[in-house]
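Hello,

Here is the structure I said I would pass on. Please open it first, then read the notes below.

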Amino acid sequence: MMRKTISNQFFLHYLVVFVLVAVATVSAYFFLIIANHLAEDTFTKNRYPASAMMRDDYRFIDPAPILKNGGSLQIVDKDYRVVVAEGKDALPKRQLTPAEFTEFLVESKSKDRTLSHDILYNPQGEFWLIITFPTSFRIDFEVKMNPKAATGNFPRVAFIFGLTIAIYLLLLTALTIVYSRITGSRITESLRKLRDGTRLLREGDYSARVDLRLTNEFAELQDTFNDMASRIEEEIDLRKKSEGDRRQLILDISHDLKNPMASIEGYAERLLHAATMSEEERRGCLEVIQKNSQRANRLLTELFELSQMDSPEFSLHLEATDLCEVLRQICGELVQELERAGFDYEFAIPEEPVWAWLDIDRFGRVVHNLADNAVRYNPRGTTVSVSLTVTDDQAMIHFSDNGIGIPTRLKGDIFKPFVRADYARTFETGGSGLGLAIAKRITEAHGGDVVLCSSSGKGSTFRMTIPTI
Ligand code: ADP
């Protein structure tokens, strides 16, 4: 059983074509023979056959109808002399030798000629009547078999004919095979390349691409394949990266929880086992325990908040709000905090309303996070400024301070969870390293963004954009 490969199917198709061609060749041959016989009846010459025109005395033969129909008439007597010649000359000379006349007779039977002769001998009058018409229509494809003159060597003739037919069929078969292989190979070659590409992809080589150098349907398939491969590659890269991020996050969480927990455990043990302890000392221990549990609690709360925002159920409670009004209110709340910390402040918020879809609580959380950071990481006397400007379709809030600034190298990473500019200082201030990450998620959920746009040494400026209505 032949395998159902494309090249085999091609071969089968061509084999069918081969049989059809062979059948068509044989039928064409028979049709020509039939056509030959059918057309023969309509030849002009048959309307004036020599047998019908013949008279015993050639002077009574009327050449007029023959001449009228474009034919010619000749009479040759027994001495091979042309005695009558009407119309176009069929014979070259007036007086022929017996050899010349015999040659003419033999020639006249030949199929390959432009004139057809009807020649009849009249034994009574002892002359030949030759009626000639131009051959108007000929099909020179005919097999004639003369049983009387049949060859004595029939097997030889059969062999020659058989061999000719066999060679013809063999040639046709060879052409069929070669042509089917050539045309099939183009397709199989493309399929092979695509198959190899798919295999590589299956084995995990996502950089596999296919280049067929074609412009047909296979090229479309190739483009689709390459597109699919690059998408898978991107997806896998993304997954690897997010897996790495997640692992890093867990590491950071455990690291950040370890310190306060160890501290709480240590001080609690001291409290339990210390034989004597002054009231002041006891208070000190309890304060450390309280500070560290607050720290751990804050870390867990913020972590919970951040992971909530990652969950698919997370949604904002959006209301059409006057952004300026909300920002003014929040800044009012900040004034106390800033003054207590010995900070100066400048607010530039327009009077006219700027409408936006806002989750007021969460938006407030972002502004508070930024303000808390400014207070936490900068010395007294630092100026904090908040300004709001509006462009075509978005409001821009600049939140800046002229404090210590954030190193430029952290510009891209500072919004990632647990990234801090100064770890020791952050620990001291109780920062979790999650505040900016939360701020970023919230603004992004509003369809906006928050970026750090200051360079280190010149304080910090955060630019927050929120789409307006
Ligand atoms: P944290 O809870 O530690 O404040 P954040 O994500 O809010 O975490 O901030 C990340 C880090 O960016 C901080 O640890 C701090 O080093 C730095 N930072 C943030 N805001 C400021 C600021 N206004 N001035 C200086 N440093 C800042």
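**What surrounds the ligand**

By class, the shell around the ligand is made of nine nonpolar, nine polar and five charged residues. Please keep in mind that this is a predicted model.

In total, 23 residues surround the ligand. Asn373, Tyr377, Asp401, Ser432 and Leu436 are the closest of them. Two helices, α9 (360-377) and α11 (435-445), each supply at least two residues of this shell. The largest share comes from α9, which gives four residues.

A polar side-chain atom of Asp401 is 2.9 Å from a nitrogen atom of the ligand. For Gly433, a polar backbone atom lies 2.9 Å from an oxygen atom of the ligand. With Gly435, a backbone N or O atom is 3.4 Å from an oxygen atom of the ligand. On its own the ligand has 530 Å² of accessible area, and the protein covers 99% of that.

**The protein as a whole**

The protein has 469 residues, and 34% of them are buried. Its secondary structure includes eleven helices and eleven strands. The accessible surface of the protein is about 29600 Å², and carbon and sulfur atoms account for 57% of that surface.

How much of the contact set joins residues at least 24 apart in sequence? Among contacts between residues at least 6 apart, the share is 64%.

Regards

Definitions and conventions:
Residues are numbered from 1 along each chain as its sequence is written. This is a predicted model: local features need pLDDT of at least 70, side-chain atom pairs count only at pLDDT 80 or more; totals for chains, interfaces and linings use all residues. Side-chain values use heavy atoms; hydrogens and water are left out. A residue is near a molecule or strand if one of its heavy atoms lies within 4 Å of it. A polar contact is a pair of N or O atoms within 3.5 Å; within protein, one must be able to donate a hydrogen and the other to accept it, and residues adjacent in sequence count only if both atoms are side-chain atoms. Accessible areas come from the Shrake-Rupley method with a 1.4 Å probe; for residues, only the protein chains shown count as cover. Ala, Val, Leu, Ile, Met, Phe, Trp, Tyr, Cys and Pro count as nonpolar, Asp, Glu, Lys and Arg as charged, and the others, Gly among them, as polar. Buried means under 20% relative accessible area, exposed over 50%, partly exposed in between (1.4 Å probe, protein chains only). Contact means heavy atoms within 4.5 Å.
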